[in-house]
Amino acid sequence: MEKIKSLIDLTEIEPEALKQIYDVASLDIVKKLAIMPDVHAGYDLCIGGVALVEDHISPSFVGYDIGCGMCFVNTDIDADQIFRTKKDREKIAQEIYREIPVGKNIRKKPLDYTPFRSASGDKNLEKKVNDKLFLSLGTLGSGNHFIEIGENLEGKVCITIHSGSRNIGHSIASFYMKKGRFLPLDSDIGKAYLEDMNFALEYALENRLTMMKKILKILGFTDKEIKKLINKKLINENHNHAVLTKEGVLHRKGATPAEEGQYGIIPANMRDGVYVTVGLGNKEFLSSASHGAGRVLSRRKAKEVIDIKEFKKVMEMADIVAKVSEKTIDEAPFAYKDINKVIQAQEGVVIKVVDVVKPLINIKG
């Protein structure tokens, strides 16, 4: 199909994801579909899919974790200034686990935030969201969400956070998915979803910022220094959203915005760190890039086939402080595609890599 533009050969894509691609591309309402090299099967629209839709917005094309994305800060401090020994790194990791709830954990005391008022007027949705809103702020979550402290090519300490809107986005997505696959932009329900989605996008950013400030504090930065770093050095991008454009409604699910000159973050896996990129604004691929390496094994399959000894061995060889156990085995490097091939498919086409950060500490839920 002419409307499909893929950064990798379609024959390389798993059958389930390929079926989703053809199903979505066959819809008259979909004007164009760009496929990223980390593509794999998702819900409705594949993960690593970018769809330009005419006059409609789709909750299922955005997905459940609205606003899931990355925040990144280069502290400009030499790594050996903060981490002289592995024990220093272990101590910092322990403190992060103490200060930031991970996995299914939430806060014991609520944080201040604007209460959710759904544009739909649905009181049950408002209650469901507000019941979790204040206790979930500044929490990591589980799955592929992570906090990583690493060293870039210049030896500087960099912090990467991958997290989303927590249960808030999931509740909003679930509510609107029941209203329809595509909601007309000029309808009350379409306008309501757009407004509630934007609330979740802002919440997801504040969630990451809350954690970023806490980590910088743990590393010894003052409030003044933290404010300066956030204002001047922060890279933020989310990879689950819908954006109104002149051409239509651009939906990204598991895809990083790569407008011309826009900074982005593409993580590899627990061992291989993250890539800092600059977008090239390639409209053929809807100015987008991959949001990671992409899974090659499902979580269930990873738990079945990955050897825990091999997982521990590669992480020890890489000298990374991380929780390496049966509980995180589905996030082992072997569960993901080769990041070098994924980056190679995009370099000079949709992005330019400007930095690489190798992990020193990896925090998982």
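1. The ground rules. This is a predicted model, so I'd keep in mind that local features need pLDDT of at least 70 and side-chain atom pairs count only at pLDDT 80 or more, while totals for chains, interfaces and linings use all residues. Residues are numbered from 1 along each chain as its sequence is written, and side-chain values use heavy atoms, with hydrogens and water left out.

2. Helix α7. Helices are DSSP runs (H or I, at least four residues), strands are E runs of at least two, and both are numbered from the N terminus. Just after α7, G220 takes a positive phi of about 105°.

3. Aromatic pairs. Rings of Phe, Tyr and Trp (its six-membered ring) pair if their centres lie within 6.5 Å; planes under 30 degrees apart are stacked, over 60 edge-to-face, and the rest tilted. That rule gives seven aromatic pairs. One of them is Y113 with F199: the ring centres are 6.0 Å apart and the planes sit at 80°, so this pair is edge-to-face. Y113 is in the loop between α4 (86-99) and α5 (123-136), and F199 is in helix α7 (residues 188-218), so the contact ties together parts 86 residues apart in sequence. F199 is buried, at 14% relative accessible area; buried means under 20%, exposed over 50%, and partly exposed in between (1.4 Å probe, protein chains only).

4. F175 is buried at 15% relative accessible area, and Y176 is buried at 0%. Elsewhere, ring pairs link Y113, F116, F199 and Y203 into a cluster.

5. Charges over rings. For this, NZ of Lys or CZ of Arg must be within 6 Å of the ring centre and within 35 degrees of the ring normal. K323 lies over the face of Y97, at 4.0 Å from the ring centre. The charged end of R295 sits over the ring of Y336, 5.0 Å from its centre.

6. Salt bridges. The cut-off is a side-chain nitrogen of Lys or Arg within 4 Å of a carboxyl oxygen of Asp or Glu, and the count comes to 16. Take D223 and K217, which meet at 2.7 Å, N to O. D223 is exposed, with 54% relative accessible area, whereas K217 is partly exposed at 43%.

7. What does E331 bridge to? One partner is R299, at 2.8 Å, N to O. E331 lies in the loop between β16 (321-322) and α11 (339-344) and R299 in helix α9 (residues 299-305), so this bridge ties together parts 32 residues apart in sequence. E331 is buried at 4% relative accessible area, and R299 is partly exposed at 28%.

8. The other end of that story. K364 also forms a salt bridge with E331, with the closest N and O atoms 2.6 Å apart. K364 belongs to strand β17 (residues 351-364) and is 33 residues from E331, so distant parts of the chain are linked. Both K364 and E331 are buried. Through shared partners, salt bridges join R295, R299, D330, E331 and K364 into one network.
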